[in-house]
Amino acid sequence: MLRYVTTNPGKVREAERYLSDGSVERLDFDYPEIQAPELGPIAARGAREAYRHAGEPVLVDDAGLFVEGLDGFPGPYSSYVEETLGIERVREVAADLDDRRAAFRCVLGYCDGDGFAASPDPVDRGDRDAAAAAGPGGEEAGPDEDGEADALPVKLFEGYAPGRIVAPRGEGGFGYDPIFEHDGETFAEMDTERKNAVSHRGRALEKFAEWYADR
Ligand code: ITT
Ligand code: NA
């Protein structure tokens with residue numbers, strides 16, 4: 001049984017379509033999130049923590065909103081910023097910028113306690129287009145930053161969605177969705193199926209599901 005580990009019901013709604021073969025269950029576990037400038041190490045560490053907790057294969061989902069004109073802020077700090085400032089304040093700050101482009105990123109971390117075959121086509125997380133174009137596969141996370149020598153292997157899958165920050169519109173989705181516009185619509189104006197088709201999470205889940213099916 002694979003556990004999709006999240007405290008966020010909005011993520012579960014979106015993930016269901018990709019994980020709905022009856023062999024996946026949600027695990028409501030708030031794994032300790034390290035503060036780090038990138039999502040990958042956060043997802044890798046979270047996947048190891050969640051695996052140790054669950055004792056079964058786990059998939060964790062770490063996401064963030066990266067505003068160009070703010071050098072990528074709030075990025076990995078998106079959850080903290082949503083809770084403290086709130087999305088309206090983020091939108092106000094962005095309204096003063098010349099460059100309101102932004103991107104959502106999602107990194108999925110899979111850990112089953114075992115090794116698994118290395119991917120022949122790792123996703124290049126340094127290059128957006130390559131990451132967007134990359135097929136199934138994913139990247140092996142390195143050892144923990146704290147140098148844990150026997151760190152459990154974690155497989156990472158990344159998805160990216162470009163857009164811009166706008167005044168809030170729409171009732172759907174969750175989190176920053178009302179202020180993130182992609183192709184003329186905010187994510188909150190899209191239904192789940194439409195958001196999945198273009199979103200960071202949908203793309204990452206698609207890569208994961210493909211890899212998982214024939215691993
Ligand atoms: P878990 O860690 O338990 O999965 P979380 O909500 O804390 O839940 P993240 O750390 O990944 O998840 O989320 C970072 C922030 O980004 C948080 O404020 C979310 O609401 C927001 N967020 C994540 N995915 C989003 C999406 O698809 N649309 C809008 N906001 C999103
Ligand atoms: Na989180």
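**Exercise 1.** Which are the buried residues of helix H1 (residues 9–19)?

*Solution.* Start with the ground rules: this is a predicted model, where local features need pLDDT of at least 70, side-chain atom pairs count only at pLDDT 80 or more, and totals for chains, interfaces and linings use all residues. Residues are numbered from 1 along each chain as its sequence is written, while chains are lettered from A and ligands numbered from 1 in the order in which they are written.

Next, the test: a residue is buried if 20 or more other C-beta atoms, placed from the backbone, lie within 10 Å of its own. In H1, that picks out Lys 11, Glu 14, Ala 15 and Tyr 18. They sit on the same side of H1, because they cover an arc of only 95° around the axis (taken from the directions from the helix axis to the C-beta atoms). An α-helix has 3.6 residues a turn, so residues three or four places apart point the same way.

**Exercise 2.** Find what the buried residues of H1 pack against.

*Solution.* Look for contacts (C-beta atoms, placed from the backbone, within 7 Å). You'll meet strands E1 (2–5) and E3, then helices H6 (192–198) and H7 (200–213). Helices (H or I, at least four residues) and strands (E, at least two) are DSSP runs, numbered from the N terminus.

**Exercise 3.** Describe the shell around ligand 1.

*Solution.* Take residues whose C-beta atom, placed from the backbone, lies within 6 Å of the ligand. There are 20, with Thr 6, Thr 7, Ala 63, Glu 82 and Gly 175 the closest. Strand E3 (58–67) and helix H3 (78–84) each give two or more; E3 gives the most, with four.

Methods:
A residue is buried if 20 or more other C-beta atoms lie within 10 Å of its own, exposed if 12 or fewer, and partly exposed in between; C-beta atoms are placed from the backbone. Two residues are in contact if their C-beta atoms, placed from the backbone, lie within 7 Å.
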